[in-house]
Structure formats: C-alpha cells, structure tokens
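Welcome! Take a moment to look over the sequence and the 3D picture below before reading on.

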Amino acid sequence: SLKDITFKLNVFHGAADHMVPLEYGRNLQEKAADCHLHVLEDEGHLFPYKYMDMIFDAADAEMAHGDR
C-alpha cells in the first residue's frame, strides 16, 4: 500500500492533465506517508520537458539531505 513507502515522494502533476486527473496526484499525497505534491497550474500531461530543471532541483535537494 502507499502507506508502506518509507521514503519521501515528490509528485509533479499538471492541473490541466486530461490523461491522468489531478485527483490521482492528490490521492498519492493523502495516502503516502511523506509526499509533497507539486501542482503545476495550466499544465497538462506532457509538462516534464518544460519543468525539467525544477524536477531535478527537487531531487537534488532531497539527495543533499542524505538522511533518507
């Protein structure tokens, strides 16, 4: 189950995604123990190319903590 995930999740989700509704991202946030949901307003399903730097910056920040 999602509650069994023992590491922090950063979930990036486009608010205008018609392929995977935002409710799926909100479900992850609610059910995973340590989940940060980044909602990208006015973005659809194919936003990662546009926000690649932000996504990798979030990953780098988590790696810098070194406690997970």
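How many helices and strands make up the secondary structure of the protein?

## The overall fold

The secondary structure comes to two helices and two strands. Helices are DSSP runs of H or I with at least four residues, strands are runs of E with at least two, and both are numbered from the N terminus. Along the sequence, the pattern reads β-α-β-α.

Please keep in mind that this is a predicted model, in which local features need pLDDT of at least 70, side-chain atom pairs count only at pLDDT 80 or more, and totals for chains, interfaces and linings use all residues. Residues are numbered from 1 along each chain as its sequence is written, and side-chain values use heavy atoms, with hydrogens and water left out.

## Size, surface and contacts

The C-alpha atoms fill a box of roughly 35 × 30 × 15 Å, taken along the principal axes. Of the 68 residues, 25% count as buried. Here buried means under 20% relative accessible area, exposed means over 50%, and partly exposed lies in between (1.4 Å probe, protein chains only).

The accessible surface of the protein comes to about 5,000 Å² (Shrake-Rupley method, 1.4 Å probe; for residues, only the protein chains shown count as cover), and 55% of that surface belongs to carbon and sulfur atoms. A contact means heavy atoms within 4.5 Å. Among contacts with a separation of 6 or more, 69% come from residues 24 or more positions apart.

## Two salt bridges

A search of the whole structure finds two salt bridges, each being a side-chain nitrogen of Lys or Arg within 4 Å of a carboxyl oxygen of Asp or Glu. Lys-8 pairs with Glu-62, and their closest N and O atoms are 3.2 Å apart. This pair links distant parts of the chain, 54 residues apart: Lys-8 is in the segment before strand S1 (9–14), and Glu-62 is in helix H2. Lys-8 is partly exposed, at 26% relative accessible area.

Lys-50 and Glu-43 form a salt bridge too, at 2.9 Å from N to O.

## A nonpolar patch

Tyr-49, Met-52 and Phe-56 make a nonpolar surface patch of about 370 Å². Patches are made of residues with over 30% relative accessible area and no salt bridge; like charges are joined within 9 Å, and nonpolar side chains (Val, Leu, Ile, Met, Phe, Trp, Tyr) within 5 Å. Met-52 is found in helix H2 (residues 52–65), and its relative accessibility is 31%, so Met-52 counts as partly exposed.
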